[in-house]
Amino acid sequence: MQKNDIIELKIEDMGVDGEGIGKYDGMTFFVKDAVLGDEIEARITKMKKNYGYARVEQILSPSKFRVTPQCELHRRCGGCQIQALDYEKQLEFKQNKVRGNLIRIGGFAPELIDRIMLPVVGMKEPYRYRNKAQFPIGADKDGNPVAGFYAARTHSIIPVNDCKLGVEENQIILNEVLSYMKEYHVASYDENTGKGLVRHVLIRYGFSTKELMVCVIINGSSLPKVEKLIDRLTAIEGMKSISINQNTKKTNVILGDVTKCIWGDPYITDMIHLCDTKDFSLTDTAVAYHISPQSFYQVNPVQTEKLYSLALDYAGLTGKETVWDLYCGIGTISLFLAQKAGKVYGVEIIPQAIEDAKNNAALNGINNAEFFVGKAEEVLPAFYEKKKDTDADMLHPDVIVVDPPRKGCDGVCLETMLKMQPERIVYVSCDSATLARDLKVLCEGGYELCKVRAVDQFGNTTHVETVVLLSQQKPDDTIEIDLDLDELDATSAELKATYQEIKDYVLKEFGLKVSSLYISQVKRKCGIEVGENYNLPKSENARVPQCPKEKEDAIKAALKYFAMI
Ligand code: SAH
């Protein structure tokens with residue numbers, strides 16, 4: 001088999017990135033845009049020793065889970081990896097993704113997860129849910145300005161004014177910006193040459209207030225005839241804020257450092273309501289937020305209400321508690337918590353976000369929240385050292401909430417959380433792989449996994465949020481178990497899976513290729529007997545590559561899966 005060969009496959013599984021997985025001639029193939037259950041003809045795009053990549057050439061028999069995507073361009077854009085999969089099946093995929101990561105990476109027993117994990121909270125309508133859109137601006141072949149998205153691995157823009165995940169207002173705004181550019185000969189930015197003016201248009205929409213914000217990102221400091229643009233945009237109902245952001249660097253980062261408000265307020269306002277977590281109906285309790293162009297704000301406000309309500313529910317507050325909210329952004333969760341707690345301390349790395357958090361607290365008349373700028377892994381240990389013997393409430397809070405970015409919590413942060421011994425930890429996560437890794441550390445440090453629930457914030461994509469409750473294990477929670485010593489016998493464990501089986505598993509579950517050398521290194525680390533000289537350096541100073549951490553974790557997960565550790 002080689003590149004460009006055509007093969008017939010049945011898609012029997014899905015990878016974590018939404019790709020279809022099928023076997024041909026004993027070999028595993030990863031096929032982008034194939035749906036679970038499809039029978040397809042595929043063209044091999046890349047061959048590796050034990051697996052390959054392919055793309056759909058023809059669908060011979062479509063899966064019963066295949067649906068017609070609303071966006072014709074979804075395959076070229078790549079933002080919606082699973083738009084062709086029935087939404088119910090998307091939810092099942094996300095539930096399994098979180099469950100699988102907790103078992104494989106977190107090392108939790110499947111029975112435990114199945115007992116405590118509630119079904120994923122889905123969306124009513126998995127389209128038009130995003131409150132923020134950032135469209136790159138370029139030129140078509142005739143030099144006319146266009147908005148759209150970058151075709152994969154290129155600098156050329158595929159024109160589309162209407163992303164189906166965004167609100168319909170995006171299209172109206174883009175049309176006005178493009179027609180202003182055309183009429184006044186305002187050039188779009190060219191990524192290749194670094195010339196031209198208009199780079200991106202950022203749009204935000206307040207779902208509960210219907211307020212609109214437009215921020216035009218430019219390679220310069222001003223727009224010609226800007227009043228003409230303002231006239232056009234202010235004619236759109238709901239317009240509240242227009243600004244210009246200067247970004248003159250040759251970079252992929254969208255926003256530059258300087259933003260100037262040119263009309264209206266430098267922010268829009270939105271509200272997040274508390275839901276009843278039994279049926280997710282909205283209550284009258286709400287928090288208002290000012291959101292500026294740079295602020296981090298959850299992109300799916302409807303699902304965010306459900307997510308935060310669950311987090312608040314898990315925090316189990318009665319009005320007296322001291323709570324830390326780490327990675328607090330503009331204080332979104334902190335201000336929710338503050339309404340039910342005695343005192344809330346928020347920590348966030350971006351100074352502007354903390355400014356917003358303080359303003360948002362004032363906006364809502366909340367005065368029991370205090371915010372600190374800095375890295376959670378630095379602010380928290382510094383407090384711990386400084387206030388060790390003085391402020392017991394702060395040091396031993398009732399609850400710590402964390403909502404880190406995809407890479408999860410820093411080790412030092414987890415370590416300090418364990419020292420602080422809160423009664424409960426609520427972990428909100430946008431990446432269930434790093435979540436599982438961190439939960440393992442916290443559970444080894446004396447916490448018990450009590451509740452897990454995934455919330456779909458990102459319909460049609462493979463991403464999913466999860467909220468977890470951990471609670472401190474009391475000494476009387478310990479249980480006695482009988483150990484069958486035979487099961488601990490290293491030699492029988494050694495027989496459980498071959499190197500090839502471990503390699504296949506790691507490839508399938510983590511998309512990583514690992515060598516026998518690495519497997520033997522990890523086995524040795526885990527105390528599993530490995531043939532005496534197997535892969536040991538031949539001479540004293542032989543330089544043997546050491547298994548990188550990511551691969552070590554994946555191999556350990558495989559060893560767990562095969563019940564070898
Ligand atoms: N809880 C907020 C924000 C969550 S996003 C909300 O729901 O709106 C994660 C946040 O963590 C971002 O605001 C990011 O700026 C911040 N962050 C990233 N690394 C951090 C670190 N090491 N310490 C503290 N905050 C960090």
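When I say helix, I mean a DSSP run of H or I at least four residues long, numbered from the N terminus. In that sense Asn 170 belongs to helix H4, residues 169-183. Please keep in mind that this is a predicted model.

Let me stay with Asn 170. Is Asn 170 buried or exposed? Its relative accessibility is 2%, and buried means under 20%, so Asn 170 counts as buried. Setting aside residues up to four places away in sequence, Asn 170 touches Ala 133, Phe 135, Asn 161 and Ile 203.

Now the sheet. This is an open sheet of 7 strands with mixed pairing, in the order S9-S8-S7-S10-S11-S12-S13. Strand S9 (157-159) and strand S13 (258-264) are the edges, each pairing on one side only. From one strand to the next, the twist averages 35°. Strand S12, residues 239-246, runs antiparallel to S13, and 6 bridges join the two. Within that pair, Ile 244 has Lys 260 in S13 as its bridge partner.

Which strands does H4 touch as it packs on the sheet? They are S7 (132-139), S8 (145-150), S10 (198-205), S11 (212-218) and S12. The direction of H4 makes about 150° with that of S10. Helix H5, residues 226-234, also packs on the sheet, touching S11, S12 and S13. Its direction makes about 145° with that of S12.

Next, the backbone. Most residues other than glycine have a negative phi. Tyr 327 is not a glycine, yet its phi is positive, about 65°. Tyr 327 sits in the loop between strand S16 (322-326) and helix H7 (332-338). With a relative accessible area of 17%, Tyr 327 is buried. Ala 563 is not a glycine either, and it has a positive phi of about 55°. Ala 563 is in the segment after helix H16 (549-561), and at 45% relative accessibility it counts as partly exposed.

Last, the annotated residue. What does UniProt list for "active site" in this unreviewed entry? The entry lists Cys 430. Cys 430 lies in the loop between strand S20 (424-429) and helix H12 (432-444). Leaving aside neighbours within four places in sequence, Cys 430 is in contact with Pro 404, Pro 405, Arg 406, Val 464 and Glu 465.

That is where I will stop.

Terms used
Residues are numbered from 1 along each chain as its sequence is written. This is a predicted model: local features need pLDDT of at least 70, side-chain atom pairs count only at pLDDT 80 or more; totals for chains, interfaces and linings use all residues. Side-chain values use heavy atoms; hydrogens and water are left out. UniProt positions are given in the numbering used here, feature names are shortened, and annotations may be inferred rather than shown by experiment. Contact means heavy atoms within 4.5 Å. Buried means under 20% relative accessible area, exposed over 50%, partly exposed in between (1.4 Å probe, protein chains only). Two strands pair if DSSP finds at least two bridges between them. Axes are lines fitted to C-alpha atoms, for helices over the stretch in contact, and angles run from 0 to 180 degrees between N-to-C directions.
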